[in-house]
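Biologist: Can you put the model up, and then we go through the ligand site and a few residues?
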Amino acid sequence: MKTMTKEKTILGQPTADWKEEVVYQIYPKSFSDSNNDGIGDLKGITAKLDYLKELGVTMLWICPIFTSPMVDNGYDIADYQAIQPEFGTMADLEELIAAAKEKGMKIMLDLVVNHSSDEHEWFQKALADSQSPYRDYYIFKKGQAGNPPNNWRSIFGGSVWEPVANEADMYYFHTFDKKQPDLNWENPALRQEIYQMINWWLDKGIAGFRIDSITFIKKDQDYGDVPPDGSDGLGSVKVKTRNRPGIEKFLAELNQETFRQHDCVSVGEAPGVPYEQFDQYIGPDGYFNMIFDFHYADIDVENGSEWFRQTKWQPQDLKELMVKSQEAIQANGWGANFLENHDQPRSLSKYITDKNYQNAIGAKALGTLFFFLRGTPFIYQGQEIGMKNFQRTSLADFNDVSSIDNYHRSIQEGYTKEQALGFVNQRSRDNTRTPFQWDASATAGFSQTATPWMKLVGDQQEVNAADQVNHEQSVFHYYQQMIQLRNHSDYRNTLIYGQFQSLGADPAIIAYERIGQERIQVIVNLSNQPQHFDGAGELLLSNYPDTPASSEQWQLQPYQALVLRKEDHHE
Ligand code: GLC
Ligand code: CA
């Protein structure tokens, strides 16, 4: 229902705190290790708040820190209301929230409610007694004559059905790893339990949640087979479990019972939502404040699927996808823009195809491209110093469950071991999960002396925060400048609330405009060849020194990015 209270608007757009934030995503296991056990922790984050403050971000999203066997590094939760000991204690979290608040930063946590860990008390009770009320918190089904109930392939490989020990022909369902059984959202008692837990956290004073895998909570109730799409005879679970009819009831109720009752931010991880449905997700009565759109993040793999299904994309393709995404979000609500996250490889390695520019120039070009899009920018740890992918030579060096699965799936589909390792190096989620490079030392300053839980990329001599904070031309300083321009300059209103409009340019250039009190143009040459751009403007920011302060015809160097204030021609 529409309320009669007058909303505050800027440039005709309703304002909101969460539209003005600059969010920084932290993968706690790999950010900073305060007690030298080789694993990042909460105290480590608290110790680095000054660095984050200096960068200028206003909100932190911390990936799961709850009790967990860590099969999927915390996305397998055994207790939603307690902290995993290797990360610290509840007191450490409270201290972090308070210390961040003092510095003007808010904390957002990760909400994983499509599934729990198999070590969660609910699941243990469900296993122990088939008559337990907790049985219906999960999805148990009889097999078909010794076979699993259907042919769905889990996101991390193999059947979604895991046999239950000591119960003949009985299986439980998991969209992801077998140690991540799905919660049964059809059960109202389960839903109420989840809402209480969410409200408990929101009452505790966190700023809100990023909501994990939320488009998977509704399964087609026929549990029927899908057409096989690989030589394993299975078909992707997504076909019948991702953004399926009926999900609207669960999502509306979730919003109504939790987020709406609080002054908080909600960001949905919502892959598989077509643009025609963005209104339901992020419209005025949407389920979330904003969602992540993956249409261009997965440009290098067909439909964001298995990693051996690679595409040969061109800058124009990226431009088209980006523009489509921005237009769809603008028509409906607000978006969460990102280049990287803990499930993606490093953006420098993905989007900059000429290795010679996988450096500060390339990192700043990509930063410019995404940071001024309409929406709330999310910076992933290490992106602000231009960290890159690793090159591993052995599968044993990988931790990510999905990397190990993709390796075996590639071989199953007929690729050689070398090719399989190539795909995994390129796409592994471990690429963004390596320890943060604080300095040039052997541990990159992540731990004092302990061997970090995951092998470093190895290039901390060239890429590290300590060098960059002291160096005017660094990627770090550039990110500082971008944040300054968006949030604290005279162009703030236009850069936050202005309309997005794509700008025509040569195929290798991605260009757009933000239209408000003035027109701000962003022009990025996404090629290793010089390009031209015509248009009178005053230079606000560039990734190349010695760019003219104003011009009508811009000569763009390889991977050059410009932010211009458009100059009007007076007749
Ligand atoms: C989300 C998370 C990913 C995790 C998966 C299962 O996609 O971002 O890291 O593995 O959900 O929870
Ligand atoms: Ca530690």
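Modeller: A term to start with: a polar contact is a pair of N or O atoms within 3.5 Å; within protein, one must be able to donate a hydrogen and the other to accept it, and residues adjacent in sequence count only if both atoms are side-chain atoms. This is a predicted model, so local features need pLDDT of at least 70 and side-chain atom pairs count only at pLDDT 80 or more, while totals for chains, interfaces and linings use all residues. Residues are numbered from 1 along each chain as its sequence is written, chains are lettered from A and ligands numbered from 1 in the order in which they are written, and side-chain values use heavy atoms, with hydrogens and water left out.

Biologist: How far is an oxygen atom of ligand 1 from an N or O atom in the side chain of R210?
Modeller: That distance is 3.0 Å. An oxygen atom of ligand 1 is also 2.9 Å from a side-chain N or O atom of H115, and for S213 the corresponding distance is 2.8 Å. Taken alone, ligand 1 exposes 310 Å², and the protein buries 95% of that. Those areas come from the Shrake-Rupley method with a 1.4 Å probe; for residues, only the protein chains shown count as cover.

Biologist: Which residues come nearest to ligand 1?
Modeller: D72, D212, S213, H342 and D343, out of 13 residues around the ligand. Near means that a heavy atom of the residue lies within 4 Å of the molecule or strand.

Biologist: And how does the shell around ligand 1 divide into nonpolar, polar and charged?
Modeller: Three residues are nonpolar, three polar and seven charged. Here Ala, Val, Leu, Ile, Met, Phe, Trp, Tyr, Cys and Pro count as nonpolar, Asp, Glu, Lys and Arg as charged, and the others, Gly among them, as polar.

Biologist: Other topic. Where is D293?
Modeller: D293 is in the loop between β15 (290-292) and α10 (315-332). Helices (H or I, at least four residues) and strands (E, at least two) are DSSP runs, numbered from the N terminus.

Biologist: Is D293 buried or exposed?
Modeller: D293 counts as buried because its relative accessibility is 8%. The cut-offs are under 20% relative accessible area for buried and over 50% for exposed, with partly exposed in between (1.4 Å probe, protein chains only).

Biologist: What is phi of L11 near?
Modeller: Phi of L11 is near 55°, a positive value in a residue other than glycine. L11 sits in the loop between β1 (9-10) and β2 (13-14), and is partly exposed at 34% relative accessible area.

Biologist: What about L556: buried or exposed?
Modeller: Buried, because L556 has 0% relative accessibility. L556 belongs to strand β22. From C-alpha to C-alpha, L556 and Y544 are 9.4 Å apart in space and twelve residues apart in sequence.

Biologist: Last one. Which helix holds A98?
Modeller: Helix α4, residues 90-102. A98 is partly exposed, at 44% relative accessibility. The C-alpha atoms of A98 and T46 are separated by 9.7 Å, and the two residues are 52 apart along the chain.
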